[in-house]
Amino acid sequence: MGAGPGHPELLTLKAAELLRTCDVVVYDRLIQEEILALAKPSAERIYMGKPVGRHESRQEEVQELLVRKAREGKMVVRLKGGDPFVFGRGGEEAEYLAERGVPFEVIPGVTSAFAAPLSAGIAVTHRGAASSVAVVTGHEAKKDHHRVNWKALAGIDTLVFLMGVSNVDTIAETLIRHGKSPETPAAMIQMAFWHDELAVIGTLATIARQVKEAGIRPPATLVVGEVVRMRDKLARAQRDLWRRPDGSGRFAPAPAPDELLRLASAGLGTQVLGFALERRLFDELGRPRTAAEIAAARGWDEAAALEVLEALTALGVIEKTPEGYRNLELAARYLESGSPESLREALLHQCRLAAGWSQLEAYVRSGCRDFVEVPPDEEALHQRCCEALARFAAPSVADKLDLAGSGPVLVVGYGGEEYKEAIGRRWPRLAVTAMNPFRNPGVPPALQPGLGPATDSFGAVILSGLLGSANRGEVQQFLELAARRLRPGGLLALHDSFLPGGVLPPPEVVLGALGRRMRRGGCRTWSIDRLRGALEALGFDRIEWQNLHAGTVLVTARRA
Ligand SMILES: C[S@@+](CC[C@H](N)C(=O)[O-])C[C@H]1O[C@@H](n2cnc3c(N)ncnc32)[C@H](O)[C@@H]1O
């Protein structure tokens with residue numbers, strides 16, 4: 001797997017996901033701590049960087065280790081800087097595995113050959129200045145001139161040399177000898193995408209001296225060609241748009257809010273995340289705090305505080321910096337209690353519902369009855385939380401719908417205002433009516449205020465988050481209502497946590513949804529299959545579904 005040139009944000013999504021799930025990481029020099037930190041705390045991390053002078057035996061050791069760990073039944077990530085197949089010996093390692101019948105996959109990475117010049121503002125094939133680029137090892141400049149075709153290289157517009165710091169003088173001289181002008185611009189970029197990135201710019205005639213004077217050390221990449229001239233403008237105008245206002249970078253990539261909801265609403269992580277939310281831990285991590293500081297301020301045991309902070313780091317909601325633990329952007333937006341976008345209350349509510357053991361016990365003993373008496377203040381809290389979660393999801397649900405020419409839209413359930421806004425942005429002339437039947441408990445769906453006269457019909461009906469609050473049988477009534485009010489050919493969209501059909505969401509999501517529904521007492525679980533049967537019986541066809549936030553599903557159907 002390629003780790004890219006250094007910064008964790010330059011990993012591929014696939015690499016980050018596999019790192020999070022693997023059992024063993026075998027890594028080289030030049031892999032940032034923050035990348036390794038993505039692996040789960042229990043993953044075995046094995047450093048296999050090459051000590052100088054022991055290359056071949058070390059390579060054998062690495063290859064044997066990979067085979068041994070794989071045969072123990074472990075999922076092994078072999079992590080390499082940049083791209084694994086660009087001067088990284090990834091090809092040899094893959095060959096070794098292939099010969100021994102160990103199944104493997106190769107995940108590409110952002111190669112420093114192109115990322116290092118880019119970071120310094122050099123576009124290696126800038127139109128008009130270069131139409132060819134070659135990536136060359138600088139390692140062999142002294143010892144084996146025959147393997148590198150210098151004559152051919154002199155005819156290529158842009159040359160990128162890796163592993164060339166100690167040979168930069170020989171590289172420059174040899175290129176000049178083979179016909180490159182001594183005035184050809186050249187740049188050496190050290191540690192691109194690391195904190196101590198440094199670039200020196202000169203010409204073939206001067207670059208070796210400049211590299212020495214600046215004390216450039218590996219890893220560094222040499223670029224030779226006219227394209228280096230363009231760098232001034234690009235380097236000056238380029239910004240890291242992700243930097244925080246205080247100039248610091250983000251160390252670890254934030255998980256998608258989706259992931260956060262998934263973690264919060266069920267299974268693994270629920271307990272620790274719920275605890276941290278309940279204790280408003282995120283409110284304190286707006287700036288870096290050590291475990292010792294947190295423990296002292298709260299009267300906690302220091303080792304225990306460390307465990308909690310490490311668990312939250314492993315969940316990917318906070319980050320560990322040299323100064324201490326602090327919120328990732330995600331936690332700052334959604335988990336701190338003072339933030340305007342805070343989902344704290346809703347997530348906490350979800351965590352509590354998911355852990356309702358006693359209600360589940362009552363359910364399995366007494367069967368499905370409307371036995372849970374929800375106290376009025378808890379009901380109000382529940383409404384607020386469903387509303388917050390639906391508000392969060394509405395823009396992306398609306399984004400997935402095609403309402404062009406559909407006629408008036410009716411939104412039933414949570415997130416009505418947010419749906420109005422999101423739909424209004426795309427189709428400003430579409431009339432949208434929103435009503436939430438759960439504000440008027442006890443009134444049958446068809447008699448709810450806000451629906452308008454029974455003769456009003458709609459081009460689209462969106463049912464949002466009904467499963468969380470509807471009682472047994474009520475979902476069916478809402479489907480019937482939608483069928484009656486939709487015009488022929490109209491669109492029905494349902495966004496909810498339906499149990500899977502076809503594609504399986506993670507098991508903790510399924511279990512969490514089950515737990516919540518039983519806890520709320522009464523509503524039978526709605527699987528996709530059951531929903532499909534109900535919709536077909538009501539004359540709907542073209543029934544489709546896609547997974548959305550946090551294991552929720554968007555189902556659409558048309559009325560024939
Ligand atoms: C053994 S090669 C591996 C290349 C790697 N597989 C890739 O695709 O980037 C190591 C060389 O890559 C270059 N390199 C790696 N990381 C770099 C970085 N962050 N900045 C500049 N050059 C880098 C240096 O030339 C270094 O000597």
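Helices (H or I, at least four residues) and strands (E, at least two) are DSSP runs, numbered from the N terminus. The model is predicted, so that local features require pLDDT of at least 70 and side-chain atom pairs count only at pLDDT 80 or more, whereas totals for chains, interfaces and linings use all residues. Residues are numbered from 1 along each chain as its sequence is written, and side-chain values use heavy atoms, with hydrogens and water left out.

**View 1. The loop around proline 108.** Proline 108 lies in the loop between helix H4 (90-99) and H5. Not counting residues up to four places away in sequence, proline 108 touches Gly2, Thr12, Asp83 and Pro84, a contact being heavy atoms within 4.5 Å. From C-alpha to C-alpha, proline 108 and alanine 3 are 8.4 Å apart in space, while 105 residues separate them in sequence.

**View 2. Helix H5 and its packing.** The buried residues of H5 are Ala113, Ala115, Ala116, Pro117 and Ser119. Buried denotes under 20% relative accessible area, exposed over 50%, and partly exposed in between (1.4 Å probe, protein chains only). Strand E4 (133-137), strand E5 (158-162), strand E6 (185-190) and E8 are the elements against which the buried residues of H5 pack. Just after H5, glycine 121 adopts a positive phi of about 90°.

**View 3. The shell around the ligand.** Val86, Thr111, Ser112, Ala192 and Ala220 come nearest among the 18 residues around the ligand; a residue is near a molecule if one of its heavy atoms lies within 4 Å of it. Helix H5 (112-119) and strand E8 (220-224) each supply at least two residues of this shell. By class, the shell has 12 nonpolar, five polar and one charged residues, where Ala, Val, Leu, Ile, Met, Phe, Trp, Tyr, Cys and Pro count as nonpolar, Asp, Glu, Lys and Arg as charged, and the others, Gly among them, as polar.

View 4. An oxygen atom of the ligand lies 2.8 Å from a backbone N or O atom of aspartate 83. A nitrogen atom of the ligand is 2.7 Å from a backbone N or O atom of valine 86. In the side chain of threonine 221, an N or O atom is 2.8 Å from a nitrogen atom of the ligand. The ligand taken alone exposes 570 Å², of which the protein buries 87%; accessible areas come from the Shrake-Rupley method with a 1.4 Å probe, and for residues only the protein chains shown count as cover.

**View 5. Glutamine 63 in helix H3.** Glutamine 63 is found in helix H3 (residues 55-71) and counts as buried, at 6% relative accessibility. Leaving aside neighbours within four places in sequence, glutamine 63 is in contact with Glu92, Glu93 and Tyr96. The C-alpha atoms of glutamine 63 and arginine 78 are separated by 9.9 Å, with the two residues 15 apart along the chain.

**View 6. Aspartate 496 in strand E14.** Aspartate 496 has its place in strand E14 (residues 486-496) and is buried, with a relative accessible area of 6%. Its side chain reaches the backbone nitrogen of leucine 467 at 3.1 Å. Beyond four places in sequence, the contacts of aspartate 496 are Gly465, Leu466, Leu467, Gly468, Thr552 and Val553.

View 7. Most residues other than glycine have a negative phi, and most peptide bonds are trans. Proline 218 and proline 219 are joined by a cis peptide bond, with omega about 0°; proline 219 is found in the loop between helix H8 (207-214) and E8. Phenylalanine 193, although not a glycine, has a positive phi of about 65°. Phenylalanine 193 is placed in the loop between E6 and strand E7 (198-203) and is partly exposed, with a relative accessible area of 23%. Arginine 280, also not a glycine, has a positive phi of about 55°. The loop between helix H11 (270-278) and helix H12 (281-284) holds arginine 280, which is partly exposed at a relative accessible area of 40%.

Technical notes. Polar contact = N/O pair within 3.5 Å; in protein donor to acceptor, adjacent residues only side chain to side chain.
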